[in-house]
Amino acid sequence: MTSHEEKRSDKDTIGWILLVIGFVGALFVGWVIFPQVIFSKKTQPVNFSHVAHAQKAEMSCEDCHTFNDDGSYNGIPSLGSCAECHGEAQGETAAEKKFVEEFVAKEKQVPWLIYAEQPDSVYFSHAPHVKSAEMKCTGCHRDVTKESLAPPLYVNRITGYAKTIMKMDVCEDCHADKGTPNDCFTCHK
Amino acid sequence: MKLTRRSFIKFAVGAVGGIHLTPLPWYLMDDAAIWSQNWWFRQVPKKGALTSATTVCTLCPGGCGIEAGLISEKRAIGISGNTSHPVSMGAVCPIGASGPQFTYGLSRVKTPLKQTGKRGDRSSFKKIGWDKAIEEVGAKLASLGGNGERLAAVGGARGSLSSELFSRLIWALGSDNLFRVPSSADSEELASLAMTGVRAPFSYDLVNSRYVLSLGCGVFEGWGSPVWVHQTLFGNNGETRLVQVDSRMSPTAAAADRWVAVEPGTEAVFALGMANVIVQQGLYDRGFVGSASGFGEFRRYLAEEYPLDFVSDLCGVEPREIVSVAREFAGVRPAVALWGRGKGSMPDTLFSAMAALALNGLVGSVGARGGVLPTPQPPLADWPDLAEVAPSAQSPKSYLDFLSSIEAASGPEVLLINQANPAYGPVAPALFKKALAKVSTVVCIGSYMDETALSADYVLPADAFLETLDGAVTPRGMPYPVFSLVSPALERLYDTKPAGEIILRLAKAAGDSVAGGFPWENWEEALKARAQGIVESKRGAVSDEETAFAVAEGKGVKVAPNFGDLDELWGKLGESAWFDPGQKLAVDFQTNSGRFTFSAAGLKGIGLGKKNGFPRPLDAPLSGDPKKFPLILVPVELLIMPGESLGAAPYLVKMLRDDQLTHNDVYADVSPRTAKKLRLKQGAMARLATPQGALIVRVNLTEAARPGVVYLPVGLGHTAYDKFLKNKGANPYEVLEFLKDKETNEVSWWGARASLSKV
C-alpha cells in the first residue's frame, strides 16, 4: 500500500472540523458581531429626562407635543418652548447646566437625534392617527414615561437610518387591519 | 492530519452555509438598496420650518388674496387662498395654484440684459448692471426731447398701480402713443361713457342677481375676477339661474341652467333681438326706462333693425327660443346680462358692449341691486398733476392703424413695453413683429424671456409672482371698490426689481422735466402716496374673514374704517384688502341729460359717436371668400391658459387633456358632422387656413362644437420660453382677423373665416 492510498481513505477530519468551525463562526458573526458593528452608537447632544419633566415638573405630554393650527405636529419642541422655563437652570443636574449654558444662552437650537425619523420619501401626518384613529403614542413610539436617560440612537452605518425606525410593513399591516388605504400614494406623495 | 485545500473549502462552505442562516446577508442586501437610494446627487429639498406669507396674486387681473406656504420663509411650496380677502375668500384658481412655477421657472430673466448682436439672438444678450441699464435707456428717453411721436409704448393689464405709473411715464414724455393690451374693457368703458356718463368697464352685483344671462362670457372659465365669480355664483345656494349664450358647449354652458347655441359672433345681436321682444311685449321696467333718455329712438331702432326673423336667421336660433329667453330675463328680478367674451379679454365693438348695457337698462338693472354698474374705484389719492395732459379724455388711438403706419413708413425711435407680450398676441402679432423692424430701440420690462423680450434691445427684468410690490385696484367685474397691496411674500430670487421701481428709475433718468413728475424716493413711497387717499376718505375697512364671507353671502354689511392713519392701514393691508361693500350701487348719471341714455351720442365729446343713436354691428364682415374658407375659426380662452403676457407653467400644460394637446400637437374642436364632410377622423392632422395664414393642428371631434365652426385654444404656439412650453401647439393669434371698430378705432377680434383640410 502507498501513502497515496492512505490519503484517499483519509476522512479529512480537519476539514470537517473546520466546516463546523466555519459554520458556527458564521452564525456568531451574523448573529452577534454583525448587529454590533453595523450600527454606530450616537448619544443626544444633551440629556433629556422624561421622568424629571413628567413627574417632578408635573407636565403632561401635550405641554410639549402638540398640534399646530394647520394640522402639523410638533414632535420635538423647539428651543423657544424649553426656554420658557429653562431661561435659568431649574434644578441641579449637569445636563441641565449644559443645556442652559450651551444652548439657551447662545440661542442655539439643540440638534436632537430623532429616533422615529422617516426617509424623505415618506409622508406621515400625526393628525389622522392621533386625532381621527385616536391611537396611543405607544402604538408606534417607545414608552418614554419611565426614562430618565435618553437612550442612545443606533444608526445603520450603510443606510444612515435608525435601528428603531419603523419600516413600511408595520404601517401596512395596521392599515390592512383597520381597512385604511394601502395605496402607494397614501404615504409616498 | 494535514490542512489541505479541501479542508479550507470545507471551512468556507461551513461559513457560507452558516452566514445564510443569520440576518447578515439579508440585511446587507436591504441596506445596499437603501444606500443606493441616498446618493449625494439625489435632489432633496432642504428641510425647514413651515411658515406662510400673505400677498395678492398677479397672474391675472382677478386680484385674488393668497397665502403662500413657505419653507424657512424662503422657498414657496404651495399657494392657497387668503380666507379674509374679499375677492378670493380662501380659494384660488389653477393658475394661482401653479404660481410658484412661474417664479421658479426656467424662463425668468435674472439680470438686466442688452442685445449686443442681432435682435432675436438669445446668445448675444449680455448682462449689464442696473445702473448702466437705467442710464442708457434713460438717456435714450431724454434724447427724444419731449417729442411724443418719437416714442410709443405698449402697456400691460389694467388694474395695477405699476401700469398706471407706466402710463404716467409715457404722458410725461409727451407721447400719446400709449396702447394698452386691448380687452373688452375698452369698449365697455366707452359704452358706459355713452350711456351712463361714467367712463369705466362693467361691474356686476352678482351676489344679488337671480337671473344671469351670460353673452358668451367664460363665467367658469376665467371671466372677470374668476375666483370671486366662482365663489359668488356657487355660494348662493343655487338660487341664481344661469343662462349661457354661446356657440359651443363650453364648460360654462354645460354647467349653466340653460344653453342657447348661437352663431359665433352674434351674441350681441341676440341681446338686441331679446331687447326688441321685451320692448314690443311691454315687459320692460317702466320706472327705469321712463326716467331714461333716448328710449323712443332706441325702440324704433330695435323694431327696424332687429325683428325676430332677422335675428333668428343671423343667430341660428329659433324665434320662439329668443322670445322664451327674453320673457325669462324680463320676468325674473333682479336679472343681469354679462358681457366680455371668454375671460373678458377679447376686445369687441362699442356696439356689442352697448347692446349688453341697453338690455340691462331695459329691465332696470343698471345701478340697481343685482345689476350692472360702472366699476367703482377705491378713493386713492391722485398722483400730482403732470404738465402734460393725459389723453384719457381723448378718443383712443387705433393700435392697428398705428402698427400699420409704422410698418408702412417709419417707426418711433423708442418702443417701451411693460409686462405685455405683443409679439405673441393678442392683437396682430404678425403686424407687430414687422413694425418692430422699423423701431430703433425696443425696451422690455417683464419677468420672462418671452417672444417680445427676445426681440428687445434691452430687457429690464421685473420681480415675479410672490416677489413683487404693487397696488391692485378693483378687480374686473367687482361691484364695490377694492384696494389690495401686493407685497413680497419671499425674497426675490434674482437681480430683479418691482416693475413700479423700474419705471420710477427710468423716469428719474429721463431728464429733469420728466423726473419732476415723479417726486418719490422709491416705489413704496409712490404707492403710499396713493393709499393716503383711502385714509382721508374715512370709508371702507380692511376686510377680515367674517366680513368677507358675509358680503359674499349677500348680507348687507356696513363697515367702518379700522385704521387711523397710513401706517395702520399699511400694516393691515399686509393681511387683507381694503374694500367698501357699503358703497351704493346707484349710478350718478353724468350724461348730458343726467339720465341713462340709450344712445352713443354722448361720445361726441371725445370725438366719437359719429352716428346719432345706437351704433350698428361692424360694417365689415370677416374677410375671405366663403367658398374658399367655408368655416369660422373661433379662439377659445381656457381657464388654465393664462393671458397672453404669461406663458403657461408646466402644471397648467399638463392639465390639458389628451384631446387638447398631445406632445406638441394642439387639437382643434370640430363637430363630427363637419369632420365627416371634410373626411377628417379623430386625431387627424389638418391644415387650418385663414386669409391671414395657416396652422397645423389635429382635430378633435366633439358634439360640443357647433357645426361649421373650428375652435382653437389660445395660449399655445409659443416660440420663446423654455422646453416646457416652447413649440407646443399653435398660436391662433397669428391667423385671426383683427378688425377695426370704425366707431371707436378700437380693435375687435373674435374669429376668422377658415378652412380645414387633411395634411
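B:Trp520 is buried, at 6% relative accessible area. Buried means under 20%, exposed over 50%, and partly exposed in between (1.4 Å probe, protein chains only). B:Trp383 is buried too, at 9%.

This is a predicted model, in which local features need pLDDT of at least 70, side-chain atom pairs count only at pLDDT 80 or more, and totals for chains, interfaces and linings use all residues. Residues are numbered from 1 along each chain as written, chains are lettered from A and ligands numbered from 1 in written order, and side-chain values use heavy atoms, without hydrogens and water.

**Aromatic pairs**

The whole structure holds 30 aromatic pairs over all chains. Rings of Phe, Tyr and Trp (its six-membered ring) pair if their centres lie within 6.5 Å; planes under 30 degrees apart are stacked, over 60 edge-to-face, the rest tilted. Two of the pairs are tabulated.

| Pair | Centre to centre | Plane angle | Class |
|---|---|---|---|
| B:Tyr284 and B:Phe295 | 5.1 Å | 50° | tilted |
| B:Trp383 and B:Trp520 | 5.4 Å | 50° | tilted |

B:Trp383 and B:Trp520 lie 137 residues apart and link distant parts of the chain. B:Tyr284 and B:Phe295 are 11 residues apart. B:Tyr284 is buried at 10%. B:Phe295 is buried at 11%. Both belong to one aromatic cluster, which also includes B:Phe288, B:Tyr301 and B:Phe614.

**Charges over rings**

A charge sits over a ring if NZ of Lys or CZ of Arg is within 6 Å of the ring centre and within 35 degrees of the ring normal. B:Lys10 places its charged end over A:Trp16, 5.0 Å from the ring centre.

Methods: Helices (H or I, at least four residues) and strands (E, at least two) are DSSP runs, numbered from the N terminus.
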